[in-house]
Amino acid sequence: MTAPSPTAGTLITVAPTGAEHEKAEVPNLPVTLDELVKTAADCQRVGAGLIHVHIRDDDAQPTLDLGRLKETVDALRAETDLVVQLSTGGSVTDPEEDRLAVLDALPDSATCTMGTVNFGDAVFMNRWEFIVELHKRMQERHIVPEYEIFDLGQLSSLQRLLDQHGLPAGGHVHVDLVMGVPGGMPGDTATLTAALRLLPEGATFSATGVGRSTLPVLLASLSAGGHLRVGMEDTLSYAKGERVRDNAQLVARAAAVSRIAQRPPLAPEQAKTLLGVRQAG
């Protein structure tokens, strides 16, 4: 089976939790394992092909505890067919060694952020040596990276990484343009268009619009042949004055717009083929 062309369908990623929102302020945020697994199943049912995972501890605080990560990967694989992607970003205060250890949970995919960025009032640190080590460890473990791009210069860094250290596991380059973060690139069509000119040859891309840029980025990405990431990590508003009910609501909207664009959601098996995820057996 050959990989579908970038315009044949739409990979919809759901990012259900993140590390920024407090459960006390967002009661419907999925933070327990049971909540996360139910969210994943609901989102697969309405069109998601991949889940981007941050986990929380018993106090609903972000954690990179390896035992919990392994348990989460196993549970998601047991209850869904989704591509399971772990965040190696964690929260902005997590040390590099803990972020690298995320790969020991052996997910299908993991993120590799291509540079340091101001993240609101914080700094999300990604040193070059750390990026290279993350890339190499994913190659060794056959984990497919998703290169997270917060600003245009990080696409030049990605090309440098590929030139110096080779293609990722699976052989296919897929990036996620994270747009609208205060301190990163804006979430608008002009910036997305500029980013596309800097993509490595043969790469596919998803785009994430944070906050009020959610819909503009979604529409711009679809129109340019790209894929989508949605979820409560990135926005808590469904429409002006209307809070998000759950992550499946956001996935269902993305799936509906994808069908209107005649690029229906890719099933999880199609997503695995597109990204080069190594199949079991």
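**Buried and bridged residues**

Visitor: Why is Asp246 called partly exposed?

Guide: Asp246 has 30% relative accessibility, and because buried means under 20% relative accessible area, exposed over 50% and partly exposed in between (1.4 Å probe, protein chains only), Asp246 counts as partly exposed. This is a predicted model, in which local features need pLDDT of at least 70 and side-chain atom pairs count only at pLDDT 80 or more, while totals for chains, interfaces and linings use all residues. Residues are numbered from 1 along each chain as its sequence is written, and side-chain values use heavy atoms, with hydrogens and water left out.

Visitor: What makes Arg245 count as exposed or buried?

Guide: Arg245 has 56% relative accessibility, so Arg245 counts as exposed.

Visitor: How do you know that Asp176 and Arg229 form a salt bridge?

Guide: A salt bridge is a side-chain nitrogen of Lys or Arg within 4 Å of a carboxyl oxygen of Asp or Glu, and the side chains of Asp176 and Arg229 meet at 3.7 Å, N to O. Asp176 belongs to strand 10 (residues 174–179) and Arg229 to strand 12 (residues 227–230), so the pair ties together parts that are 53 residues apart in sequence; strands (E, at least two residues) are DSSP runs, numbered from the N terminus.

Visitor: Why are Asp176 and Arg229 called buried?

Guide: Asp176 is at 0% relative accessibility and therefore counts as buried, and Arg229, at 6%, counts as buried too.

Visitor: What makes Glu233 a salt-bridge partner of Arg229?

Guide: The side chains of Glu233 and Arg229 meet at 3.5 Å, N to O, in a salt bridge.

Definitions and conventions. Helix = DSSP H or I, 4+ residues; strand = E, 2+ residues; numbered from the N terminus.
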